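Subject: Structure handover

Hello,

Here is the structure you asked about. My notes on it follow below.

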Amino acid sequence: MTAERIVDAALRLTVERGLDSWTLRQLASAVEAYPAVIYHHVGDRESVVRAVIERVGEEIPLPDANLHWRDFYWQLLADLRVVLRRYPGVARRFSLYGPLIPSIEPLIDRGVRVLQRDGFGEESVTAYNLLLGTAAALVSKEDDHLAQPLIKPDSPETYAEARDSEDQPGLAALGRNVYERVKDPERLVAHFTEFYDYSVQIALDGLERRLTRIHP
């Protein structure tokens, strides 16, 4: 038994069930050992969770530091979503742990330095936190939705009623939008990718506009 084997098993359980949906006892069963063995080699459950996040951090590709800051983050955040979606529940902890996870330190360092180089100055850390926090929050919401779907078999009918609301045109517009998605499972899944890309694009647009105010 080794710490590496235990974390390997924890990663598999995270892929299958989500980071917050397996117990230390289930992990011990997966490696055919007693829970005390987990404590001995890795620690308590939170220690295992941090080890899982450390491993996930190692999988995140780092874009070329020579890229323009906008291209750098467009690529980084696209790759980040792919990795985080592979391990449901990790996104919720990703921004929380930050520098406490050694494998994430190179990402933080390069991400902030790219912003510093391209003119964000003292706002570089804030801009970094905005972009990574937005990405992690969006993936976390996607994790939650897929773990506990709010879209039920009768949802199309529910939203069909909302889309015909004459006295609440805003609600009707949202109803039409959601109705078109919930009646088509493939379109519903694609929605998360589209909304993620849209949100990242808007965040980048906002920072680009902010840069013109820092350097009129």
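How many helices and how many strands are there in the chain? The chain has eleven helices and zero strands, where helices (H or I, at least four residues) and strands (E, at least two) are DSSP runs numbered from the N terminus. This is a predicted model, in which local features need pLDDT of at least 70 and side-chain atom pairs count only at pLDDT 80 or more, while totals for chains, interfaces and linings use all residues. Residues are numbered from 1 along each chain as its sequence is written, and side-chain values use heavy atoms, with hydrogens and water left out.

Overall

Taken along the principal axes, the C-alpha atoms fill a box of roughly 65 × 55 × 25 Å. Of the 216 residues in the chain, 41% are buried (buried is under 20% relative accessible area, exposed over 50%, partly exposed in between, with a 1.4 Å probe and protein chains only). Among contacts (heavy atoms within 4.5 Å) between residues at least 6 apart in sequence, 67% join residues at least 24 apart.

Helices H6 and H8

The axes of H6 (residues 90–97) and H8 (residues 124–147) come within 7 Å and cross at roughly 155 degrees. Axes here are lines fitted to C-alpha atoms, for helices over the stretch in contact, and angles run from 0 to 180 degrees between N-to-C directions. H6 and H8 are therefore roughly antiparallel (angles over 145 degrees count as such; under 35 is roughly parallel, 65 to 115 roughly perpendicular and the rest oblique). On the H6 side the contact is made by Ala91, Arg92, Phe94 and Ser95, and on the H8 side by Leu132, Ala136, Val139, Ser140, Asp143 and Asp144. These residues divide into five nonpolar, two polar and three charged (Ala, Val, Leu, Ile, Met, Phe, Trp, Tyr, Cys and Pro count as nonpolar, Asp, Glu, Lys and Arg as charged, and the others, Gly among them, as polar).

Two single residues

Arg70 lies in helix H5 (residues 69–86) and counts as buried, at 13% relative accessibility. Its side chain makes a polar contact with the side chain of Glu208 at 2.7 Å (a pair of N or O atoms within 3.5 Å; within protein, one must be able to donate a hydrogen and the other to accept it, and residues adjacent in sequence count only if both atoms are side-chain atoms). Not counting residues up to four places away in sequence, Arg70 touches Gln201, Leu204, Asp205 and Glu208.

Glu32 sits in the loop between helix H2 (24–30) and helix H3 (35–41). Glu32 is not a glycine, yet has a positive phi of about 55 degrees. Its relative accessible area is 73%, so Glu32 is exposed.

Regards
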